[in-house]
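Hi,

Here is the structure I promised to pass on. Have a look at it first, then read my notes below.

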Amino acid sequence: MDTQKARCAECRSEVSVPATYAQGDHIKCATCGTRHKVSRSGEAVRLVLADTTPLKDALRANQAQETRLEAELQAARASFGIGVNGIGIAVAYAIWQVGFRDQTIGMALLWEVVAVAVVTGVLLELANYFFLAKRKAMSRLADEIEEVRAEGRSIQQKIREASRV
Ligand SMILES: [Zn+2]
């Protein structure tokens, strides 16, 4: 068997693996200095990280980030509910203004109704604007959580591969 080429798990540059290197032997990447273990299966040779400490650190940081994003999403969901109540209150206030105050049909009442409608409309528009912003923030957070989870799975996969050799 001749010297084979394998890719560094860290910087992806090619590392020459002489035939004398058996399964589990340590070999360093000449480019970045990362230590690897040789993993042989049949004719194929692969390099896995000898030291999984950086991976485990990365996984811990990844899980902390996931927890933080989930808390942020939960907070956004909670305040979303408060916004919905705000609209209900605005509508109830408008009904109270029009329905339960002195009702003399005339220009005064008409103007009052128009004013209430305008104010309520502006409030609804504002609420709508913030709802959209909040919904966007929530879906952005959900996307970020997905990415962080995928990254976590890939780190775990690397740790498992490295631990098998
Ligand atoms: Zn390297």
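One term before anything else: a residue is called buried when its relative accessible area is under 20%, exposed when that area is over 50%, and partly exposed in between, using a 1.4 Å probe and protein chains only. Please keep in mind that this is a predicted model, so local features need pLDDT of at least 70 and side-chain atom pairs count only at pLDDT 80 or more, while totals for chains, interfaces and linings use all residues. Residues are numbered from 1 along each chain as its sequence is written, and side-chain values use heavy atoms, with hydrogens and water left out.

**The overall layout**

The protein chain has two helices and five strands. Helices (H or I, at least four residues) and strands (E, at least two) are DSSP runs, numbered from the N terminus. Of the chain's 165 residues, 25% count as buried. If you take contacts (heavy atoms within 4.5 Å) between residues at least 6 apart in sequence, 46% of them join residues at least 24 apart.

**The zinc site**

What holds the zinc ion? Four cysteines coordinate the zinc ion through their SG atoms, at 2.3 Å: Cys 8, Cys 11, Cys 29 and Cys 32. Donors here are N, O and S atoms within 2.8 Å of the metal (3.2 Å for Na, K and Ca); water is not among the atoms, so sites may look incomplete. Along the chain, the donors are spaced as C-x2-C-x17-C-x2-C.

The angles among the four donor atoms run from 108 to 113°, and the site is tetrahedral. Four donors get that label if all angles lie between 85 and 135 degrees. For reference, the ideal angle for four tetrahedral donors is 109.5 degrees.

Where do these cysteines sit? Cys 11 is in the loop between strand E1 (4-7) and strand E2 (14-17), and Cys 29 is in the loop between strand E3 (26-28) and strand E4 (35-41), so this pair ties together parts that are 18 residues apart in sequence. Cys 29 is buried, at 3% relative accessibility, whereas Cys 11 is partly exposed at 33%. Cys 32 is partly exposed too, at 36%.

A search of the whole structure finds zero of them.

**The nonpolar cores**

A nonpolar core is a set of buried Ala, Val, Leu, Ile, Met, Phe, Trp, Tyr and Cys residues joined through side-chain atoms within 4.5 Å. The largest one has nine residues: Ala 6, Cys 8, Val 15, Val 17, Ile 27, Cys 29, Val 38, Val 45 and Leu 47. Strand E2 and strand E5 (44-49) each supply at least two residues of this core. Apart from it lies another core of seven residues, including Leu 69, Ala 76, Met 138 and Val 148.

**The helices and the salt bridges**

Now for Asn 62, which is found in helix H1 (residues 53-99). Is Asn 62 buried or exposed? Asn 62 counts as buried, at 4% relative accessibility. Again leaving out residues up to four places away, Asn 62 touches Val 148, Glu 151, Gly 152 and Ile 155.

A salt bridge is a side-chain nitrogen of Lys or Arg within 4 Å of a carboxyl oxygen of Asp or Glu. How many are there by this rule? The count comes to seven salt bridges. Here are three of them:

- Glu 161 pairs with Arg 46, with the closest N and O atoms 3.0 Å apart. Glu 161 lies in helix H2 (residues 107-164) and Arg 46 in strand E5, so the pair ties together parts that are 115 residues apart in sequence.
- Glu 66 pairs with Arg 149, again with the closest N and O atoms 3.0 Å apart. Glu 66 lies in helix H1 and Arg 149 in helix H2, so this pair ties together parts 83 residues apart in sequence. Glu 66 is buried at 19%, while Arg 149 is partly exposed at 30%.
- Glu 72 pairs with Arg 68, with the closest N and O atoms 3.1 Å apart. These two are four residues apart in helix H1, so about one helical turn separates them.

Finally, salt bridges that share partners join Glu 66, Glu 70, Glu 146 and Arg 149 into one network.

Cheers

Key
Tetrahedral: all angles 85-135°; square planar, octahedral: opposite > 155°, others 65-115°. Disulfide = S-S within 2.5 Å.
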